[in-house]
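Colleague: I'd like to learn to read this one feature by feature. Could you give me the general idea each time, and then the case at hand?

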Amino acid sequence: MWNQENCYRQNETRDCKQFRAICSTVQSRDPSPVPLKPLPSAAAAMPPAGSLTADQLSFFDANGYLVLESFSSAEEVQAMRDRMSELVEGYDGDNSSVFSTKDHRQLKDDYFFKSAENISFFFEEKAFGDDGCLRQPKELSINKVGHALHEHDPVFKKFAFSENVSSLFSSLGYKRPAVIQSMYIFKQPGIGGEVVPHQDNTFLYTEPLSCTGLWLALQDATITNGCLWAIPGSHKNGLQRRMIRDENGTHFDRPSPLYDQKEFVPLEVKSGDFVVIHGDLVHQSFENHSPVSRHALSLHVVDMEGCKWSKDNWIQRTTAPEPLYAS
């Protein structure tokens, strides 16, 4: 039986920062784990054959990331972009929050906490003027949509539960992998926010660590429009800090280390390319000052077998995540 003390490993929560709540919903902030009912045995398929080659696994082990070119077809990419356009069009803006990764403050935003099991919308930090109104149209103001697209939307669920994704985790040795969060990231032109250097395991902690980040480019990602940057091999230095959730919100257990920007390398990729990210890899992205957006889909996967999900992670689910497969 899986419970919330059972499994995860960190998220490309692309970190956390100040979140400004605009909603008035109220949710319990008790971070205690909730026992969950086991999933039916038929819910998970058997693991598929692994898809990564020995050379790819060796590169990932040495560098902490791996770029898989043309992972998704142009048709698959367009289907996800079209579906997100529909979701944004149908969003009325009544319930939302602002997402930022700088100057982190204690997170006390119920809207953010509840987003772990919902489809929720987060605006760019620079989307609003001094009068509190949007500076530009809604579709050019949203930072991301998350964190359960893979559970509640059929288009994104189809990708997350595809054999291509499952076979990747079979190659990595996962016994019962599950997507713990999903995010559609816009990196809006002109105002797309910076994501400061971080490790995904800071936010999605399991014992032992088991988080792997997945980053699908839905548009070309370049140095100009805010591509990912990473320090090759930095995953071998271990986890540097954690984000803790308690009755007051969230906080980091220690300050962020200082990183030498000369050590980062850009991960420029084409639309449809897929980046696999070790949970301890230090990575970041800069603000998008270009006139072109940089859409991407981010998933974070943990192993639900042999792992313990920390009761002070920001995500505290009320239901167990559905595994991609079970060994």
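This is a predicted model: local features need pLDDT of at least 70, side-chain atom pairs count only at pLDDT 80 or more; totals for chains, interfaces and linings use all residues.

Colleague: How many helices and strands does the secondary structure come to?

Modeller: Six helices and 17 strands.

Colleague: Where is Pro-208 found, and which residue does a cis peptide bond join to Pro-208?

Modeller: Look in the loop between strand 8 (206-207) and strand 9 for Pro-208. Its cis partner is Glu-207, with omega about -10 degrees. There is also a cis peptide bond from Gly-146 to His-147, where omega is near 5 degrees. His-147 sits in strand 5 (residues 142-147).

Colleague: Which residues have the most contacts inside the largest nonpolar core?

Modeller: A nonpolar core is a set of buried Ala, Val, Leu, Ile, Met, Phe, Trp, Tyr and Cys residues joined through side-chain atoms within 4.5 Å. The largest one here has 54 residues, and Met-84, Phe-159, Phe-169, Leu-214 and Trp-314 have the most contacts inside it. Helix 2 (residues 74-90) gives the largest share of this core, five residues. Another core lies apart from it, with 17 residues, including Ala-221, Leu-267, Val-275 and Leu-281.

Colleague: What is Phe-159 in contact with, leaving aside neighbours within four places in sequence?

Modeller: Contact means heavy atoms within 4.5 Å. With those neighbours within four places set aside, Phe-159 is in contact with Phe-71, Ser-72, Met-80, Val-165, Leu-216, Phe-274, Leu-297 and Leu-299. For the chain, take contacts between residues at least 6 apart in sequence: 88% of them join residues at least 24 apart.

Colleague: Which residues of helix 6 are buried?

Modeller: In helix 6 (residues 163-171), the buried residues include Val-165, Ser-166, Ser-167, Leu-168, Phe-169 and Ser-171. Gly-173 follows the helix with a positive phi near 90 degrees.

Colleague: And how is Thr-212 placed relative to Phe-169?

Modeller: Their C-alpha atoms are separated by 9.1 Å, though the two are 43 residues apart along the chain. Thr-212 is in strand 9 (residues 212-217), and counts as buried because its relative accessible area is 4%. Beyond four places in sequence, the contacts of Thr-212 include Phe-169, Leu-172, Tyr-174 and Val-276.

Colleague: Which side chain joins that of Thr-212 in a polar contact?

Modeller: A polar contact is a pair of N or O atoms within 3.5 Å; within protein, one must be able to donate a hydrogen and the other to accept it, and residues adjacent in sequence count only if both atoms are side-chain atoms. For Thr-212 the partner is the side chain of Tyr-174, at 2.7 Å.

Colleague: What does the side chain of Ser-290 make a polar contact with?

Modeller: The side chain of Asn-288, at 2.7 Å. A polar atom of the Ser-290 side chain also lies 3.0 Å from the backbone oxygen of Val-292. Ser-290 is in the loop between strand 15 (283-285) and strand 16 (296-303), and it counts as buried because its relative accessibility is 7%. Not counting residues up to four places away in sequence, Ser-290 touches Pro-189, Gly-190, Thr-224 and Asn-225.

Note on methods:
Residues are numbered from 1 along each chain as its sequence is written. Side-chain values use heavy atoms; hydrogens and water are left out. Buried means under 20% relative accessible area, exposed over 50%, partly exposed in between (1.4 Å probe, protein chains only). Helices (H or I, at least four residues) and strands (E, at least two) are DSSP runs, numbered from the N terminus.
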